[in-house]
Amino acid sequence: MDNMSGFKKIRVTGHPSVTTREVRILPGYCRIVLLIGPTGSGKSSFVECIADDKSLGIAKDQLEGVTQSLTVYKLTNVQQVLYPSNPIFLIDTPGFADSRFPESKTLGLVLEWIKKQCVKSESYPRMAGSKGKLLDLLKELTGKESGENISIVTTMWDQLWKEEQINRANKRLEEMGSIYYKSFVQAGARILKFDNTHASALHVVDECLIGKSSTYFSFENVVLKSEAIASTSLGRALYQNLIERQESLAQRLKVIEDDLSDESSRSNPELEDVLLKQQKEAMADLALVEEELKGFPPVAQNELGLGRTTTSPEPQFEEHS
């Protein structure tokens with residue numbers, strides 16, 4: 001998409017770009033587009049395309065895992081049509097479905113940031129939204145009433161060149177709206193194509209601002225309404241996600257330990273070095289998950305729908321200063 005016209009909600013006043021901003025208090029009257037998606041899905045490449053400047057190295061840093069925190073970008077030379085003095089911000093988050101970064105950790109960063117906005121700003125800036133279990137978690141994060149504020153962006157269209165590939169991708173796109181994301185679409189969400197160009201990125205931003213700014217996401221209400229996350233379906237989903245990660249990492253460590261104890265591994269220094277590196281990474285990942293679980297007080301796991309009767313933490317985030 002090379003067309004730089006036809007925008008509904010934004011007006012381009014010069015060469016569009018982005019500037020990095022510290023994660024601090026934003027203006028109360030602004031629009032925020034929160035980028036949520038799996039690692040490698042193209043969130044950072046999307047930001048680079050808005051800037052139309054690959055030399056920024058945003059996507060490269062994300063792929064190398066340099067940034068494990070929220071990154072705020074302000075759009076320059078791009079205004080809202082109805083409220084030109086109210087700036088537009090993008091918030092890039094650590095990837096969901098990342099084997100080394102729990103979703104609860106990402107959400108914790110977002111919630112902590114929202115708390116700061118609410119405490120120090122008279123008007124809280126409202127957000128415009130952007131694999132199986134990840135989809136279920138996304139539903140819990142956003143809630144049933146915020147469909148119009150969600151834009152589901154599909155990527156990699158610039159990698160298709162054969163007619164067969166394009167037809168298959170378009171069929172998949174139809175299935176996303178009629179099957180996988182049906183409830184989102186019925187609630188007003190939009191499924192968009194991003195073809196990795198400057199103009200396409202701006203059209204995605206334009207579509208993201210179509211939603212109702214007065215509707216909050218579920219995770220925003222946790223802070224704004226002072227809800228106990230332990231009593232929400234979002235908290236239960238995050239807790240279950242952590243338990244599953246913990247079990248998966250424990251199994252992975254067991255396999256690595258078995259491989260290390262094998263005589264063929266001990267007699268191969270290069271293979272042993274690889275296994276030791278994998279073991280170190282898995283142990284670090286498990287420590288992170290267990291640290292997240294410390295913020296959850298004990299409760300029976302079967303109450304959380306996990307089908308167990310042993311005692312385990314209940315979903316509730318600790319207070320952050």
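1. Surface. The protein chain exposes about 16800 Å², and carbon and sulfur atoms supply 49% of that area. Accessible areas here come from the Shrake-Rupley method with a 1.4 Å probe. The model is a predicted one: local features need pLDDT of at least 70, side-chain atom pairs count only at pLDDT 80 or more, and totals for chains, interfaces and linings use all residues. Residues are numbered from 1 along each chain as its sequence is written, and side-chain values use heavy atoms, with hydrogens and water left out.

2. Overall content. The protein chain has 321 residues, of which 45% are buried. Buried means under 20% relative accessible area, exposed means over 50%, and partly exposed lies in between (1.4 Å probe, protein chains only). The secondary structure comes to eleven helices and nine strands. These are DSSP runs numbered from the N terminus (helices: H or I, at least four residues; strands: E, at least two).

3. Strand 2. Five of the five residues of strand 2 (residues 31-35) are buried. In a regular strand the side chains alternate between the two faces of the sheet. Strand 2 is covered on both faces: Arg31, Val33 and Leu35 are buried on one side, Ile32 and Leu34 on the other.

4. Strand pairing. Two strands pair if DSSP finds at least two bridges between them. Strand 2 runs parallel to strand 4 (residues 88-92), with five bridges joining them. Strand 3 also pairs with strand 4, in the antiparallel sense and over four bridges. Asp92 of strand 4 is the bridge partner of Leu35 and also the bridge partner of Thr71. Strand 1 (residues 10-21) is joined to strand 3 by eight bridges, and these two run antiparallel. Within that pair, Ile10 stands opposite Gln80 of strand 3.

5. Two buried helices. Helix 7 (residues 198-208) has eleven of its eleven residues buried, so it is largely enclosed by the rest of the structure. Its buried residues include His198, His203, Asp206 and Glu207. Helix 1 (residues 43-51) has eight of its nine residues buried, so it too is largely enclosed by the rest of the structure. Among the buried residues of helix 1 are Lys43, Phe46, Glu48 and Cys49.

6. Helix 9 and helix 11. Two packed helices are described by the angle between their axes and the distance between the axes. For helix 9 (residues 233-261) and helix 11 (residues 269-293), the axes come within 9 Å and cross at roughly 155°. Axes are lines fitted to C-alpha atoms, for helices over the stretch in contact, and angles run from 0 to 180 degrees between N-to-C directions. The two helices are therefore roughly antiparallel to each other; angles under 35 degrees count as roughly parallel, over 145 as roughly antiparallel, 65 to 115 as roughly perpendicular and the rest as oblique. By class, their contact has 14 nonpolar, three polar and nine charged residues. Ala, Val, Leu, Ile, Met, Phe, Trp, Tyr, Cys and Pro count as nonpolar, Asp, Glu, Lys and Arg as charged, and the others, Gly among them, as polar.

7. Backbone points to check. Most residues other than glycine have a negative phi. Asn77, which is not a glycine, has a positive phi of about 60°. Asn77 lies in strand 3 (residues 71-80) and counts as partly exposed at 36% relative accessibility. Met156 has a positive phi near 75°. Met156 is in the loop between strand 6 (151-154) and helix 5 (163-180), and at 45% relative accessibility Met156 counts as partly exposed.
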